[in-house]
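Keep the viewer open and follow along.

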Amino acid sequence: MPYPVLVLRNSFMVVAKEEVVRIKHINLTIADLFKKENDLLNELVKKESSLQLSLQNEQQALNDIYLKLKTIAGAVDPTLASHTEALQVKAMKKIAALEKKMLRAEKRKFEAKQRQLHKIKAVLFPNNNLQERIENIIPFYAKWGDGFIKALYQNSLALQQELVVLEEA
């Protein structure tokens with residue numbers, strides 16, 4: 001007896017007009033919201049901050065200095081080269097820690113955007129899960145009526161298993 005082919009259904013996320021406005025207000029896209037909240041906040045702070053938060057150029061300059069010191073110390077005594085290398089690793093860790101502290105201090109200035117981002121993520125990903133796994137269809141149906149079911153049907157991709165994002169216009 002032949003069995004029917006099993007096909008996974010599509011997943012949907014409904015973004016209400018209020019959320020669309022909030023997302024645009026903090027200069028994000030829907031695709032950005034699929035990143036982790038902390039990573040997204042770091043990107044937002046680095047993008048919108050007028051201050052230099054990256055010490056990559058300074059780290060490269062420090063590497064160059066230690067490379068010169070290593071050759072000078074290695075010429076004096078070969079064992080000093082490994083000691084210089086250990087000092088370099090220690091200094092690089094300190095620079096990385098300073099960079100993290102600078103970012104953390106700058107994040108405090110973006111506290112309002114952080115709260116907005118948290119609200120958006122809480123609505124679209126309740127309990128850090130897909131919206132459709134937590135929310136019920138009833139509130140959406142009550143708000144938009146039969147048009148909601150039609151929108152689901154029209155935007156349902158036949159055999160493609162993808163997450164479909166429906167934005168309220």
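Start on the surface, where I137, I138, Y141 and I149 make up a nonpolar patch with about 360 Å² of accessible area together. Patches here are built from residues with over 30% relative accessible area and no salt bridge, joining nonpolar side chains (Val, Leu, Ile, Met, Phe, Trp, Tyr) within 5 Å and like charges within 9 Å. The areas come from the Shrake-Rupley method with a 1.4 Å probe, and for residues only the protein chains shown count as cover. Helix α7 gives the patch its largest share, three residues, while I149 sits in helix α8. Helices (H or I, at least four residues) and strands (E, at least two) are DSSP runs, numbered from the N terminus.

Before going further, a word on what you're looking at. This is a predicted model, in which local features need pLDDT of at least 70, side-chain atom pairs count only at pLDDT 80 or more, and totals for chains, interfaces and linings use all residues. Residues are numbered from 1 along each chain as its sequence is written, and side-chain values use heavy atoms, with hydrogens and water left out. The average pLDDT (the predictor's confidence in each residue, from 0 to 100) is 87, and 100% of the residues score at least 70.

Now for the pockets. A pocket is an open set of points on a 1 Å grid over the protein atoms alone, where a 1.4 Å probe fits and protein lies on both sides within 12 Å along at least five of seven lines; lining residues have an atom within 4 Å of a point. The largest pocket has a volume of about 220 Å³, taken as the space filled by probe spheres set on the points, which are joined across faces, edges and corners. Its lining includes R9, F12, E132, N136 and L152, and β1 (11-15), α6 (131-134), α7 (137-144) and α8 (146-155) each supply at least two residues.

The second largest pocket holds about 180 Å³ of space. Among its lining residues are V15, A16, E19, P139 and W144, and α7 provides the largest share, four residues.

E19 leads us to one last stop: its side chain meets that of R22 in a salt bridge (3.2 Å, N to O). Such a bridge needs a side-chain nitrogen of Lys or Arg within 4 Å of a carboxyl oxygen of Asp or Glu. Both R22 and E19 lie in helix α1 (residues 17-25), three residues apart, about one turn of the helix.
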